[in-house]
Amino acid sequence: MSEIQTDYDSVVVGAGFGGLYMLKRLRDDLGQSVRLYDRAGGVGGTWYWNRYPGAMSDSYAHVYCFSFDKELLQDWDIPNRYVKQPEVLKYLEHVAERHDLYKDIQFNTGMTGAEFDEQRNVWTVRFDDGTEVTARYLVTALGLLSHRNIPAFPGLGSFAGETYHTGAWPEGVELAGKRVGIIGTGSTGVQVITEIAPIVGHLTVFQRSPQYTVPAGNGPMPAEEQAEIKRNYDAIWERIRKSIIGFDVPESDVPAMSVSAEERRRVFQDAWDKGNAFRFSFGTFSDILVDPEANEETCKFVRSKIAEIVTDPETARKLSPHDLYAKRPLCDSGYYQQYNRDNVNLVHVGETPIEEIVPSGIRTADGVTHELDVLIYATGFDAIDGSYKVLDLKGRGGRTMQEHWADGPTSFMGMATNAFPNMFIVLGPNGPFTNLPPAIEVQGEWIYDVIARAEQDGAATVEVTREAEDGWTKTCEDIANATLLPQSNAWFFGANIPGKPHAITFYLGGMGGYREALDEIVSDGYRGVEFRTPATTG
Ligand code: NA7
């Protein structure tokens with residue numbers, strides 16, 4: 001244990017899955033004094049803010065939870081295949097209650113910055129209420145998708161009606177009977193549109209890029225199936241930890257073009273009927289995201305479904321993407337079907353751009369003003385590093401995170417950066433692209449192990465080397481560049497934010513590969529991680 005006096009051993013920021021897990025482990029398993037801060041008024045992270053209609057996790061419910069609490073896995077009811085936002089929130093509130101976490105959490109307190117004092121090897125963390133605290137370790141779990149993106153449309157702010165961003169959805173919004181406009185058809189837009197189309201007076205969808213989306217296949221979870229899952233939970237988590245994508249869906253090893261056209265269609269249809277975006281991308285064929293021909297076959301299948309479902313051929317044309325199937329895979333509960341309603345109108349702003357937001361609605365380049373009572377921005381987030389770049393974070397030598405990430409966000413193993421000693425990031429850049437709760441637990445275990453080792457060794461600082469960080473960045477780039485994904489304009493390459501450097505921000509080598517890489521680092525004596533005792537620092 002350190003002799004240095006600080007307010008806490010560790011400060012954790014963010015009360016979503018990541019922050020709650022870190023608080024629990026560092027406090028209860030390592031015996032540290034820990035304080036967790038969140039700008040929100042409750043736990044939940046992403047699920048606290050994203051209360052928009054239709055918000056649902058598109059991981060199966062039985063794997064959208066922590067694996068560490070085996071008793072809770074047995075007790076927690078799984079009434080449906082998927083969990084909607086209120087249920088995820090209820091689950092996380094229950095976890096916080098059950099593990100007595102609330103007493104160490106301070107809500108309504110947003111971190112504004114933090115600075116590392118190299119003389120004392122201490123972080124000073126500052127908050128928006130003007131207070132500051134000191135800690136030896138800083139663990140940030142700010143979320144991949146928490147810094148909201150509102151595009152700078154001309155006339156922004158001039159709209160006279162109600163305006164909402166899906167990522168900050170207030171309680172009590174009434175949409176029934178109103179003229180609603182929505183900008184954005186990413187996974188959020190697809191969920192909102194599907195949920196509200198039946199209740200609003202009129203819905204105008206402003207779509208910049210059409211989307212490939214497949215059925216989610218939600219529905220009640222039969223009791224026998226739930227019992228079976230609970231009996232096999234250990235095996236399920238084991239499978240997930242060795243899998244590619246971590247969603248508990250089958251992962252195919254059959255290349256798409258190795259089978260006949262008829263067989264391909266049968267396999268796609270079977271996955272379509274069962275539902276789940278990740279089953280469709282990873283359970284059908286092994287090379288959809290790698291082989292352009294396999295990818296185009298996938299696209300053709302979804303386009304054929306759009307043509308089957310959407311009755312108006314012009315609307316079907318506008319809804320049909322012609323780019324790669326290489327963005328974040330989407331699923332829905334009847335998205336394309338909504339365009340057959342008389343009260344839903346699709347404006348393809350990829351063809352007819354938004355010219356201006358005006359007090360009565362949105363004017364598009366064809367001179368039409370779409371009159372609205374409510375305008376919804378489902379325009380996503382400045383993802384991954386967005387939540388960090390707005391902070392005043394200073395590491396060794398006064399290096400800022402903005403300087404460190406000037407060419408795009410990087411890290412070692414998605415958890416730590418050089419020049420920021422004793423700081424760990426849950427779901428930092430170049431972490432695994434998988435179902436997130438298991439990824440968070442794998443990262444949390446590693447962060448815990450590193451801090452525990454530092455404490456055991458009496459280390460004053462623990463810091464990843466520049467070489468290790470650069471090496472991991474290169475590994476992630478090489479893997480990503482062997483796939484079709486970087487050719488898409490997805491948020492996970494920064495492509496959704498004008499002027500943001502195009503960067504690889506995920507490790508696409510799968511959960512199993514990621515865990516093996518972590519294990520190798522440990523068995524190699526924590527290669528790339530420097531533990532420095534007081535005698536070797538300063
Ligand atoms: P996404 O996936 O980033 O989607 C944002 C949507 O907003 C997408 O359709 C964008 O079109 C659209 N957009 C963004 N800027 C504009 C402008 N300037 N004009 C018109 N349309 C625009 O965010 P989501 O919230 O849906 O999902 C984020 C993640 O949250 C998701 O992947 C899940 O993991 C959970 P584009 O496609 O860029 O042309």
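This is a predicted model: local features need pLDDT of at least 70, side-chain atom pairs count only at pLDDT 80 or more; totals for chains, interfaces and linings use all residues.

Biologist: Why is N276 called buried?

Modeller: Its relative accessible area is 0%, and buried means under 20%, so N276 is counted as buried. N276 sits in the loop that joins α8 (261-274) to α9 (277-283). Beyond its sequence neighbours up to four places away, N276 touches D58, Y60, Y82, V214, P215, A216, V249 and C331.

Biologist: What makes the approach of the N276 side chain to the backbone nitrogen of F278 a polar contact?

Modeller: A polar atom of that side chain lies 2.7 Å from the backbone nitrogen of F278, and the cut-off for a pair of N or O atoms is within 3.5 Å. The N276 side chain also reaches the backbone nitrogen of R279, at 3.1 Å.

Biologist: How do you know that A460 is buried?

Modeller: The relative accessible area of A460 is 17%; the limit is under 20%, and A460 is therefore buried. A460 belongs to the loop between α14 (436-457) and β22 (461-464).

Biologist: What makes A326 buried?

Modeller: A326 has 1% relative accessibility, and the limit is again under 20%. The residue is placed in the loop between α11 and β13 (330-332). A326 touches L289, L484, L485, S488 and F492, leaving aside residues up to four places away in sequence.

Biologist: Why are α7 and α16 called roughly perpendicular?

Modeller: Helix α7 (residues 233-242) and helix α16 (residues 510-523) pack at about 80 degrees. Angles of 65 to 115 degrees count as roughly perpendicular, so that term applies to α7 and α16. Their axes are 5 Å apart. I240, R241 and K242 of α7 meet M511, G512 and R515 of α16. By class, the residues of this contact are two nonpolar, one polar and three charged.

Biologist: How do you know that the length of α10 agrees with expectation?

Modeller: At 1.5 Å a residue, the 18 residues of α10 (residues 292-309) should span 26 Å. The end C-alpha atoms are 26 Å apart, so the two values agree. Among the buried residues of α10 are A294, C299, F301 and I306. The buried residues of this helix pack against β12 (213-215), α8, α9 and α11 (313-319).

Biologist: What makes the phi of N422 worth a remark?

Modeller: Most residues other than glycine have a negative phi. N422 has a positive value, near 55 degrees, and is not a glycine. N422 lies in the loop between α13 (401-404) and β20 (423-425), and at 1% relative accessibility N422 counts as buried. Y526 likewise has a positive phi, of about 55 degrees, although it is not a glycine. Y526 is in the loop between α16 and β24 (529-532).

Biologist: Why is Y526 called buried?

Modeller: Its relative accessible area is 9%, the limit being under 20%, so Y526 is buried.

Conventions: Residues are numbered from 1 along each chain as its sequence is written. Side-chain values use heavy atoms; hydrogens and water are left out. Helices (H or I, at least four residues) and strands (E, at least two) are DSSP runs, numbered from the N terminus. Buried means under 20% relative accessible area, exposed over 50%, partly exposed in between (1.4 Å probe, protein chains only). A polar contact is a pair of N or O atoms within 3.5 Å; within protein, one must be able to donate a hydrogen and the other to accept it, and residues adjacent in sequence count only if both atoms are side-chain atoms. Contact means heavy atoms within 4.5 Å. Axes are lines fitted to C-alpha atoms, for helices over the stretch in contact, and angles run from 0 to 180 degrees between N-to-C directions. Angles under 35 degrees count as roughly parallel, over 145 as roughly antiparallel, 65 to 115 as roughly perpendicular and the rest as oblique. Ala, Val, Leu, Ile, Met, Phe, Trp, Tyr, Cys and Pro count as nonpolar, Asp, Glu, Lys and Arg as charged, and the others, Gly among them, as polar. The expected span of a helix is 1.5 Å times one less than its number of residues.
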